[in-house]
Amino acid sequence: MTPLVLASSSPWRRELLERLGLPFSWASPDIDETRGTDETPTSLVQRLSLTKAEALADAYSRHLIIGSDQVALFDDQILGKPHTQERACAQLRAFSGQRVRFVTGLALLDTAEHRHWVGYQHYDVVFRRLTDTEISTYVAREQPLQCAGSFRMEGLGITLFERLEGGDPNSLIGLPLILLCRWLREAGADPLAASATDVANGDQGN
């Protein structure tokens, strides 16, 4: 099977990819993530996802490289990371009772066969009505200062929501696994095929 590489230093994306049971390595790509003039959010995340994967192509010339990028949208504006507790609280106050959309780009680059797949998924978060005390307590406890949207889905962020809407909840964390699995099957790296091989080669006496 062609070896996998995740073009990301995110521990959350690594944790998601580990769920597929496929061995992989990871490396952090060094790219310019500046948004182009008049570039739409969907175009932005797809371009950056592929650019991240391509940034590792020379070092991993016979691999499947996975790239991903995500933006959060509120009132048709791309949200930045809050960086401070004050800005995080301000974001969450604005989100109270509102909908925030996350757009996650995904790319799979096959450097051995010189082909690639690129796409995106969106996932909506509907916030419940939040009190100032709940907001300040959440920000103080979780410190989501480097998270677009000012929350961590992996932790206490789930306490902020009324409901979640979308096709793949993994895309909210940063890696659309359903779409990725489809492309991995097309690239000859089916996670279930690998598991079947492991079972067939394992101890069948138990």
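Reader: Okay, what share of the 206 residues of the chain count as buried?
Author: 47% of the 206 residues do, with buried meaning under 20% relative accessible area, exposed over 50% and partly exposed in between (1.4 Å probe, protein chains only). Keep in mind that this is a predicted model, where local features need pLDDT of at least 70, side-chain atom pairs count only at pLDDT 80 or more, and totals for chains, interfaces and linings use all residues. Residues are numbered from 1 along each chain as its sequence is written, and side-chain values use heavy atoms, leaving out hydrogens and water.

Reader: How many helices and strands does the chain have?
Author: Seven helices and seven strands, taken as DSSP runs numbered from the N terminus (helices H or I, at least four residues; strands E, at least two). From the N terminus on, the order is β-α-β-α-β-β-α-β-β-α-β-α-α-α.

Reader: Let's zoom in on α4. Which of its residues are buried?
Author: In α4 (residues 132–142), they are Ile135, Tyr138, Val139 and Glu142. These sit on the same side of α4 because they cover an arc of only 95° around the axis, going by directions from the helix axis to the C-beta atoms.

Reader: What do they pack against?
Author: The buried residues of α4 pack against α3 (85–95).

Reader: And which exposed residues are on the face turned away?
Author: Asp132, Thr133 and Arg141.

Notes
Contact = heavy atoms within 4.5 Å.
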